[in-house]
Amino acid sequence: MNLPVIHLKRNWLCLLGAGVAALLAVFLPGGARDTAAPLQKRLPIYGVCTEEKLAALTFDCAWENSDTEILLELLEQNQVKATFFTTGDWCQRYPEDVRAIVQAGHSIGNHSFQHPHVASISPEALEEDTLRCDEIIRELTGETPRIYRAPYGEYSDEMLALLEDTLGKRVIQWDCDSRDWQGREAAEMVESIAAGIRPGSILLFHNDTANTPAALKQLLPRLRGEGYRFVLVEELISWESCPLDHEGRQVLPS
């Protein structure tokens with residue numbers, strides 16, 4: 001899907017943070033004034049600096065399929081669009097659910113083929129794994145994913161360089177974690193997300209977890225009542241080249 005980018009206001013706090021980081025790099029020992037010092041480590045995107053109450057709701061789908069239909073019903077009831085990061089293996093086992101996700105107006109991101117530890121495999125194996133997942137998603141939806149989420153949230157400079165520079169994807173993390181896979185109670189997840197969310201956040205949930213539907217049934221109306229609007233990851237982030245602050249949040253151009 002070629003989705004429009006929503007133009008967001010730049011958050012001055014993010015700019016200040018990025019500026020301070022740059023100054024420290026120059027003036028602290030071993031900083032940027034040392035031409036032999038290594039470049040700053042690369043980061044995936046954890047969120048976006050914005051003053052608008054926008055957020056992206058995401059689900060990782062890698063194992064089973066007990067509640068995907070329930071999740072889609074909840075999203076429709078609350079008029080929320082979400083992004084599902086699916087493994088190629090999951091797509092092969094549940095093709096009708098992949099189609100249902102897209103038909104409902106949600107988006108699909110690449111979550112690897114079979115959930116390996118991608119930071120420790122070779123670049124060749126990572127590329128093969130990523131393209132294999134791309135191919136399966138493309139066969140089911142007609143679109144190649146432009147976003148990628150690594151299993152276990154792992155990343156390295158080499159991995160990010162391959163996925164971003166060679167394969168042209170944006171690597172997406174999260175800054176607001178439900179930790180639903182730990183079996184947390186719904187009320188605990190609701191309070192944790194409500195306390196941690198901020199404009200530009202990316203929320204992490206999973207399908208096939210016991211209490212996620214119950215948590216979302218409470219959380220989505222609450223956050224919408226607080227003025228949050230949920231958009232797809234592809235709409236939240238900028239596709240232009242822009243810096244990340246020290247938290248991995250995109251600092252958008254004015």
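How do the residues of the lining of the second largest pocket divide into nonpolar, polar and charged? They divide into seven nonpolar, six polar and three charged. Here Ala, Val, Leu, Ile, Met, Phe, Trp, Tyr, Cys and Pro count as nonpolar, Asp, Glu, Lys and Arg as charged, and the others, Gly among them, as polar.

Some ground rules. This is a predicted model, where local features need pLDDT of at least 70, side-chain atom pairs count only at pLDDT 80 or more, and totals for chains, interfaces and linings use all residues. Residues are numbered from 1 along each chain as its sequence is written, and side-chain values use heavy atoms, with hydrogens and water left out.

A pocket, on a 1 Å grid over the protein atoms alone, is an open set of points where a 1.4 Å probe fits, with protein on both sides within 12 Å along at least five of seven lines; lining residues have an atom within 4 Å of a point.

Back to the second largest pocket: 16 residues line it, and Asp60, His115, Tyr152, Trp181 and His206 lie nearest its centre.

The largest pocket holds about 360 Å³ of space, the volume being what is filled by probe spheres set on the points, which are joined across faces, edges and corners. Closest to its centre, of 16 lining residues, are Leu43, Glu164, Cys242, Pro243 and Leu244. Its lining has five nonpolar, four polar and seven charged residues.
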